[in-house]
Amino acid sequence: MDTVLEAQGLHKRYGERVAVQAVSLQVRAGELVALLGPNGAGKSSTVGMVSGLLRPDAGQVRVAGAALDQATDSAKRRIGLVPQEIALFEDLSARTNLQVLGGLYGLDRASATARADALLAWVGLSERAKDKPAHFSGGMKRRLNIAGALMHDPDLILLDEPTAGVDPHSRNAIFELLEQLKRQGKALIYTTHYMEEAERLADRIVIIDHGQVVAEGRLPELLAQLPVAQTLSLQLSAPPDVAALRALPGVLSLRCEGLQLQVGLSNLDLAAAGLLQALAGCGVQQVHSARASLEDVFLSLTGRALRDGEMR
Ligand SMILES: Nc1ncnc2c1ncn2[C@@H]1O[C@H](COP(=O)(O)OP(=O)(O)OP(=O)(O)O)[C@@H](O)[C@H]1O
């Protein structure tokens, strides 16, 4: 696959505050990379630098091989940005919003109108083409905002928390649109502080905290860094032989309080036969299993939960 975005060693500070430190990112055609981190981690600043809106203090951005130079905009024209704050002309119709954006990107009137209508259909807003976004729901505004970022058919699409203020139905509709963009060979960066979104959408996940990349990889690669892959919680009716359980292959941790047992496993397949044998006489009443998630990865790397990571 072709590399569409190559960002190397990005740094950004606001006065004394270091917002981004040595962040490097690569995104290929047909790939969605999630930039996952708590509020204030530096995601928007990174997207700002990649989009060319924010000048890095150090580092370089190349889009489809061309340097993103502040003075020239040939590389910038290959980028579509869906900013965190919805950016629409509230008093113009949905179609006029897109036509205006098309004009700003240099499309002639006929091409802008054709593209606007095609994109309105694609995001499911054809019937609302003549309505003003002032009367739209959060999800509809988001979809229109995404359409606006695509008027000039960019190769690289940057989405900064595009599901903020969006209902679950519209969120699923947005996810489906993103899948389609991937299939069209677009390169996408998606910032979020929701690990479920990163797990569901991303080909690769870049975890960012305090302005730095703390881990990156495909979901299974990130999960494989954790010693505990699965936790079993069991309700028993007779006490277990704790020492025998601890000695089983694949058992990494064990907590037993009365008849409640919690076992951390490196590998369920490896541990299953031994566990069944060791618990045969314990009258297992209930079993609950939880697989390790990105939340656990973040916790093990930073010592904090993703959602408690508010830094402002
Ligand atoms: N214009 C600015 N002036 C001063 N500080 C800023 C500015 N923009 C961002 N910051 C600070 O830089 C750090 C990174 O902010 P940034 O918005 O890039 O993070 P984020 O991960 O996108 O967070 P959020 O999810 O809340 O948008 C934060 O500490 C933030 O307060």
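## Strand pairing

Two strands pair if DSSP finds at least two bridges between them. Strand S11 (residues 230-236) and strand S13 (residues 260-265) pair over 6 bridges, in the antiparallel sense. One of the partners in S13 is Leu 265, which bridges to Gln 230. Note that this is a predicted model.

S11 and S13 belong to an open sheet of 4 strands. Its order is S12-S13-S11-S14, and the pairing is antiparallel. At the edges lie strand S12 (251-257) and strand S14 (284-291), each of which pairs on one side only. On average, neighbouring strands of this sheet are turned by 15° against each other, direction ignored.

## Around the ligand

The shell around the ligand holds 15 residues. Tyr 14, Ala 19, Lys 43, Ser 44 and Ser 45 come nearest. Two elements give two or more residues to this shell: strand S2 (17-28) and helix H1 (43-51). H1 supplies the largest share, 3 residues.

What classes of residue make up the shell around the ligand? It has 8 polar, 4 nonpolar and 3 charged residues.

## Nonpolar cores

The largest nonpolar core has 66 residues. Ala 34, Leu 36, Leu 158 and Ile 189 have the most contacts inside it.

Terms used
Residues numbered from 1 in each chain as written. Predicted model: local features only at pLDDT ≥ 70, side-chain atom pairs only at ≥ 80, totals over all residues. Near = placed C-beta within 6 Å. Nonpolar A, V, L, I, M, F, W, Y, C, P; charged D, E, K, R; others polar. Core = buried A, V, L, I, M, F, W, Y, C linked by C-beta atoms within 7 Å. Buried ≥ 20, exposed ≤ 12 C-beta atoms within 10 Å, placed from the backbone. Axes fitted to C-alpha atoms, helices over the stretch in contact; angles between N-to-C directions.
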